[in-house]
Amino acid sequence: MNLLVAQSGGPTAAINATLAGVIKEAASKNEIDQILGARNGVQGIFREEFVNISERLNEKDFLKLLSLTPASALGSCRYKINTKTDEELEKIINIFKKHNIGCFIYIGGNDSMDTVYRLSDYVARKKIEDIKIIGAPKTIDNDLFGIDHTPGFGSAAKYIANVFAELEREVSVYDLQTVFIVEMMGRNAGWLTAAAEFVRGRYSNIPYLIYVEERDFEPTEFVEDLKKALESSKHVLVAVCEGIHNKDGVCISDLNKTNIVKDAFGHNQAGGVGKILEGIIKAEIGCKTRAIELNLLQRCASHILSKTDIEESVELGKNAVKLALVESGKMSSLKRVSNSPYKVEYLAVDVKEVANKEKKIPKEWTKRAGVTKEVVEYIKPLIQGELSCEYEDGVAKYIIL
């Protein structure tokens, strides 16, 4: 039989490390004849656009370079399976049968796990025993249920922490009241924004104001927080989650929008809150202000990878293959056994317990304009160790599939 792997959702710096883990483990199994990759997730399956990855295995340093290549090497999609009928599910399974695919591993986040759940449920209902469907986690947002932390988060958090360390140097250069607002991704979870806490007070006493999605955000309170911070320092750094909302649940970034764009899964297209806060500061306080939106840079920074993140991502991919040979409807997962020394174990969770759910920062770990020490203790092991992409002629060297 053949194994098919695909990637879905937003790319990360570690999703290809998971892919490399899948390939490495699958190549060692006698039960698996060919390793195929689908272009652009489920959409590529419908079009039967498959890459024969097995043909690339003899290339020098193929898996090493792949694991250090950012973004989704197979391409991605945000496609929601039609749940009103079984037509699309039946079509996918028929394509699997046509290509002798006995294992399908889908690497992705919340929405991708919905696809895994739908497919595995269909296989179970139709009593199809020779096709196994398994999910492998990814998302920089760190909002998946059923896993302690997600592949991609550690590297993105490491990037953010170091950006704040660098911005501290930048903001303190001039003897002027200066506020930098840094907007982070995360959709409806503030894990990435909370990573800024890791460097607060490490090099200076510059105040940090950290606003995560898990707490309501009111502009009047923000102005009060900032004025108070400026009483003790001419320089302030503000970390803000793209999805912060007011007490009515309205995203601050949507307040001035007349047309809110949604994706296939009904999620608002977030972004722009930093500029809104910049306008508020200029109007209410009038000091020098700059809004910085890290945007896509924070999720695919292969020059500053967490070694822990990449190594765990590879292991989660390998674990997904082991699961796919014996069962279906699971997601490859890990559990934190201890923090000191840091240790995890790999296991399986029912994908139905993961699909379309969001894991947020515990409310008791958050404050009005900050987060607690528990967040630092949680993040610290995940950003340890340094890895970087390979270089050729001074620029990054990547694997292209």
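Strand β7 pairs with strand β8 (residues 235-241) in the parallel sense over 4 bridges, where strands are DSSP runs of E of at least two residues, numbered from the N terminus, and pairing requires that DSSP finds at least two bridges between two strands. Within this pair, tyrosine 208 stands opposite leucine 237 in β8. Both strands belong to an open sheet of 4 strands in the order β7-β8-β6-β9, with parallel pairing. Because β7 (208-211) and β9 (288-293) each have a single partner strand, they stand at the edges, and one side of each is left without a neighbour in the sheet.

The model is predicted, so that local features need pLDDT of at least 70 and side-chain atom pairs count only at pLDDT 80 or more, while totals for chains, interfaces and linings use all residues. Residues are numbered from 1 along each chain as its sequence is written, and side-chain values use heavy atoms, without hydrogens and water.

Tyrosine 398 lies in the segment after β17 (395-397). Leaving aside neighbours within four places in sequence, tyrosine 398 has contacts (heavy atoms within 4.5 Å) with Leu68, Thr69, Pro70, Ser302 and Cys389. The C-alpha atoms of tyrosine 398 and serine 67 are separated by 9.4 Å, although these residues are 331 residues apart along the chain.

Relative accessibility is classed as buried under 20%, exposed over 50% and partly exposed in between (1.4 Å probe, protein chains only).

| Residue | Relative accessibility | Class |
|---|---|---|
| Tyrosine 398 | 37% | partly exposed |
| Cysteine 103 | 1% | buried |
| Cysteine 389 | 5% | buried |

With a disulfide defined as a pair of cysteine sulfur atoms within 2.5 Å, the count comes to 0 disulfides. Cysteine 389 is in no disulfide, and the nearest cysteine sulfur, that of cysteine 300, is 12 Å away.
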